[in-house]
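This briefing is meant for a reader meeting the structure for the first time. Please look over the sequence and the model before turning to the notes.

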Amino acid sequence: MAETKPSLFSPYKMGQYNLSHRVVLAPMTRCRALNAMPNSALAEYYEQRATDGGFLITEGTMISPYSAGFPHVPGIFNKEQVEAWKPVVERVHAKGAVIFCQLWHVGRASHPELQPGGIEPISSTDKPISKRWRVLLPNGKYEIYPKPRKLETHELPELVHQYRQSAINAIEAGFDGIEIHGAHGYLLDQFMKDGINERTDEYGGSLQNRCKFIIQVVEAVVFAIGADRVGVRISPAIDHLDAMDSNPHSLGLAVIERLNKLQFACGSKLAYLHITQPRYTAYGQTESGRPGSEEEEAQLLRTWRNAYQGTFICSGGFTRQLGIEAVAVGDADLVAYGRLFISNPDLVERLKLNAPLNKYVRATFYTHDPVVGYTDYPFLQSNAEKPATISRL
């Protein structure tokens with residue numbers, strides 16, 4: 001009997017979790033958690049996108065009051081936030097879905113207006129992000145990024161502890177696990193990329209040193225809550241927020257080698273590794289860090305996929321067809337969708353049926369309205385008698 005190829009819509013066992021399909025809700029900042037508190041709007045948003053046997057990853061969630069890069073993003077660093085997340089998780093679980101909390105520290109990708117006491121953001125460096133990029137402030141305006149404060153070596157253990165405690169908090173809130181955000185130019189990426197990290201201590205210079213911080217974070221979290229509850233996201237080939245590296249191929253392999261060793265040492269696999277495609281663009285434009293053609297990008301991702309010993313998630317500009325192909329040829333076990341999931345709460349059903357998609361409205365991605373551009377996108381059945389608009393990436 002011929003072996004059936006996996007499909008984007010076929011079941012998958014991700015460690016202890018039995019998924020009914022391979023379409024994942026990607027983590028996306030939405031700025032609806034007023035004063036860093038999860039609320040009923042978040043509960044409705046995630047519940048809408050939950051399916052029986054589906055897998056959701058939350059938006060980036062702060063590990064400390066100093067880790068915000070956008071206004072009104074949720075936290076998981078105090079008791080009140082833990083309690084506020086519980087109803088959100090319960091509603092997702094009631095739909096039969098699995099949900100992980102993404103742990104986030106933006107490092108230099110912040111601004112004094114987003115920091116308690118108006119202090120400068122922290123980073124691996126004292127170099128600011130270039131004027132090519134802008135930070136969204138609480139008043140709705142965009143400003144250039146300021147000069148960060150370069151972290152002292154002795155300060156890093158406290159940050160590792162913040163990741164560890166936030167992971168423990170997430171499990172207390174009912175989450176099935178956590179994702180460590182080591183991608184897209186945020187704090188952990190600022191240590192990994194040689195285009196940012198010019199440190200001369202044990203966290204700078206060689207690949208081994210630049211990978212040290214993220215591996216210390218992963219180890220601390222794994223030994224706190226268990227490897228099968230921990231996912232890791234990286235983006236070696238993406239230059240978002242000036243996060244450039246001279247050899248993304250080697251950087252990706254270096255991180256993967258260390259994650260594989262950690263899995264072997266603790267006798268249990270991580271939940272997954274999540275890598276963003278080089279074609280990812282945050283603002284719908286081509287970025288300078290792309291390594292080349294679509295085929296070169298696919299080969300780069302394939303190299304990392306083949307090197308990693310565990311569940312592999314890819315994301316970044318996937319359409320229905322690209323997702324189907326990625327799973328069918330073995331380039332990914334799961335495919336995470338972002339923007340298409342914003343405007344299509346029933347994206348899984350639409351992809352299965354190859355149905356038309358609602359068009360997303362970019363202008364409402366980061367507004368604070370609890371409904372508009374957040375939970376008001378129509379489901380397929382409510383569009384039955386309306387002409388559909390095909391979303392374009």
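This is a predicted model: local features need pLDDT of at least 70, side-chain atom pairs count only at pLDDT 80 or more; totals for chains, interfaces and linings use all residues.

Residues are numbered from 1 along each chain as its sequence is written, and side-chain values use heavy atoms, with hydrogens and water left out.

**Overall build**

- The protein has 10 helices and 14 strands, these being DSSP runs numbered from the N terminus, with helices (H or I) of at least four residues and strands (E) of at least two.
- The radius of gyration is 20 Å, close to the 21 Å that the globule rule gives for 393 residues, so the protein is as compact as a globular protein of that length; the radius is taken over C-alpha atoms, and the rule is 2.2 Å times the number of residues to the power 0.38.
- Taken along the principal axes, the box filled by the C-alpha atoms is roughly 60 × 55 × 40 Å.
- Of the contacts in the protein with a separation of 6 or more, 74% are between residues 24 or more positions apart, where a contact means heavy atoms within 4.5 Å.

**Surface and burial**

- Buried residues make up 57% of the 393 residues, where buried means under 20% relative accessible area, exposed over 50%, and partly exposed in between (1.4 Å probe, protein chains only).
- The accessible surface comes to about 15,500 Å², of which 53% belongs to carbon and sulfur atoms; such areas come from the Shrake-Rupley method with a 1.4 Å probe, and for residues only the protein chains shown count as cover.

**Charges and salt bridges**

- There are 41 positive and 42 negative side chains, and the centres of the two sets lie 3 Å apart; Lys and Arg count as positive and Asp and Glu as negative, while His and the chain ends are not counted, and each charge is placed at NZ of Lys, CZ of Arg, CG of Asp or CD of Glu.
- A search of the whole structure finds 17 salt bridges, each being a side-chain nitrogen of Lys or Arg within 4 Å of a carboxyl oxygen of Asp or Glu.
- In one of these, arginine 132 pairs with aspartate 239, with the closest N and O atoms 3.3 Å apart.
- Arginine 132 lies in the loop between β6 (122-123) and β7 (135-136) and aspartate 239 in the loop between β11 (230-234) and α6 (248-266), so this pair ties together parts that are 107 residues apart in sequence.
- Arginine 132 is partly exposed at 39% relative accessible area, whereas aspartate 239 is buried at 1%.
- Glutamate 257 forms a salt bridge with lysine 261, the closest N and O atoms being 3.4 Å apart, and the two residues, 4 apart in helix α6, are separated by about one helical turn.
- Glutamate 257 counts as partly exposed at 40% relative accessibility, while lysine 261 is exposed at 53%.
- Lys79, Glu83, Lys86 and Glu172 are joined in a network of salt bridges.

**A buried aspartate**

- Aspartate 346 lies in the loop between α9 (339-343) and α10 (347-353), and with a relative accessible area of 7% this aspartate is buried.
- Apart from its neighbours within four places in sequence, aspartate 346 is in contact with Pro378, Phe379, Leu380 and Gln381.
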